[in-house]
Amino acid sequence: FAARYTKAWCSREPEQVASFFAAESGSLKVNDGAPAVGRAAVAEVARGFMTAFPDLVIYLDRVERRGDRVLYFWTLAGTHSGPGGTGRRVRISGFEDWAFTSDGLIAESSGHFDSADYDRQVNGR
C-alpha cells in the first residue's frame, strides 16, 4: 500500500493520491492546517505540492504499525520552481499517521514535517 501511495505522489497526478482515501470522508491534514476532507480536497492538497515542485519525488523511508494505525515515513525532494517559486532545492522528511476504513482506504491521515526547516529551505532563511 505504502509503495503504491508513494508512486501516486510521484505520478504528478493528484487524483492518483486522492484515490487512496475514502471517497467522501477520507481526510488529509498537513501539520496544523485544517483537514482536507474528501477526494477532491485531498487532490487539491497534492496538486499544491506537485505545482510548487514540478520535479517532486517522494521516497518511502519506512512504515511502522502502531496498534490499529500505520505510520508512513517519507522524504520529499524537489525544486521549488512552480509559479512564484524560489528556485531552491528542498529535501524534507516527515510522516503521515494513517487510520483506515474497513475496506482498506485511508480514513484519516495526519501529516507532519518540520515547517521551519521547510521554510528555511524554500526561502533561504
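1. The lining of the largest cavity comprises 10 nonpolar, 2 polar and 1 charged residues, where Ala, Val, Leu, Ile, Met, Phe, Trp, Tyr, Cys and Pro count as nonpolar, Asp, Glu, Lys and Arg as charged, and the others, Gly among them, as polar. A cavity is a set of points on a 1 Å grid over the protein atoms alone where a 1.4 Å probe fits but cannot get out, and lining residues have an atom within 4 Å of a point.

2. The model is predicted, with local features needing pLDDT of at least 70 and side-chain atom pairs pLDDT 80 or more, whereas totals for chains, interfaces and linings use all residues. Numbering starts from 1 along each chain as its sequence is written, and side-chain values use heavy atoms, leaving out hydrogens and water.

3. Of the 13 residues lining the largest cavity, Trp9, Val30, Phe49, Trp74 and Glu96 lie nearest its centre. At least two lining residues come from each of strand 1 (27-30), helix 3 (39-52), strand 4 (69-79) and strand 6 (106-113), helices (H or I, at least four residues) and strands (E, at least two) being DSSP runs numbered from the N terminus.

4. Buried residues (under 20% relative accessible area, 1.4 Å probe, protein chains only) make up 42% of the 125 residues in the protein chain.

5. The protein chain has 4 helices and 6 strands, in the order α-α-β-β-α-β-β-β-β-α from the N terminus.

Methods:
On a 1 Å grid over the protein atoms alone, a cavity is a set of points where a 1.4 Å probe fits but cannot get out, and a pocket is an open set with protein on both sides within 12 Å along at least five of seven lines; lining residues have an atom within 4 Å of a point. Buried means under 20% relative accessible area, exposed over 50%, partly exposed in between (1.4 Å probe, protein chains only).
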